[in-house]
Amino acid sequence: MSYVDGFVLAVPKANLDSYKKMAQMGGTVWMEHGALAYVECIGDDVPYGELTSFPRAVQAKDDEIVVFSWVVYESRQSRDAVMAKVMADPRLNGDLSTMPFDGKRMIFGGFQPFIEL
């Protein structure tokens with residue numbers, strides 16, 4: 001069964017083009033190192049909930065858009081190997097202060113699927 005890393009973050013609308021360029025490079029790197037799929041989605045129907053919601057989870061401001069992303073791997077073991085290569089890839093070693101979003105508000109984690117159709 002596969003393994004999935006998921007990410008939710010808030011990107012300032014003014015930085016969306018920069019984020020897309022960064023994400024394209026990230027996707028290229030992940031796929032070259034063995035990911036099976038790499039997907040980046042811009043929030044289109046993500047209402048601000050009363051108790052919980054995607055915007056609340058990442059403390060999205062009025063001038064930000066929620067991005068939901070995931071990467072699929074063959075297995076947890078494969079994910080760990082791919083991630084080690086991705087983190088060592090010099091193409092992703094940019095200056096954190098110039099990232100087009102606030103990484104401190106990003107939510108991420110690894111997930112073991114239990115249904116795959």
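## Helix H1 and what follows

In this predicted model, Gly 34 comes after H1 and has a positive phi, near 120 degrees. H1 itself has 17 residues. Its first and last C-alpha atoms are 24 Å apart, close to the 24 Å expected at 1.5 Å a residue.

H1 has a buried set: Leu 16, Tyr 19, Ala 23, Gly 26, Gly 27, Val 29 and Trp 30. These residues lie on the same side of H1, because their arc around the axis is only 165 degrees. Asp 17, Lys 21, Gln 24 and Glu 32 are exposed on the other side. The cover over the buried residues of H1 includes E1, strand E2 (37-42), E3 and H3.

## Helix H3

H3 spans residues 76-88. Its 13 residues should reach 18 Å at 1.5 Å a residue, and the end C-alpha atoms are 18 Å apart, which agrees.

Ser 78, Arg 79, Val 82, Met 83 and Val 86 are buried in H3. They share one side of the helix, since they cover an arc of only 130 degrees around the axis. Gln 77, Ala 84, Met 87 and Ala 88 are exposed on the face turned away from that buried side. Strand E1 (3-12), helix H1 (16-32), strand E3 (64-73) and strand E4 (107-111) are among the elements covering the buried residues of H3.

## The nonpolar core

The largest nonpolar core has 18 residues. Leu 9, Val 11, Tyr 19, Trp 30, Val 71 and Tyr 73 touch the most other members. E1, H1, E3 and H3 each give two or more residues to this core. H1 gives the most, with 5 residues.

Leu 9 has contacts beyond four places in sequence with Tyr 19, Val 58, Ile 65, Val 66, Val 67, Phe 101 and Met 106.

Definitions and conventions. Residues are numbered from 1 along each chain as its sequence is written. This is a predicted model: local features need pLDDT of at least 70, side-chain atom pairs count only at pLDDT 80 or more; totals for chains, interfaces and linings use all residues. Side-chain values use heavy atoms; hydrogens and water are left out. Helices (H or I, at least four residues) and strands (E, at least two) are DSSP runs, numbered from the N terminus. The expected span of a helix is 1.5 Å times one less than its number of residues. Buried means under 20% relative accessible area, exposed over 50%, partly exposed in between (1.4 Å probe, protein chains only). The arc is that of the directions from the helix axis to the C-beta atoms. Contact means heavy atoms within 4.5 Å. A nonpolar core is a set of buried Ala, Val, Leu, Ile, Met, Phe, Trp, Tyr and Cys residues joined through side-chain atoms within 4.5 Å.
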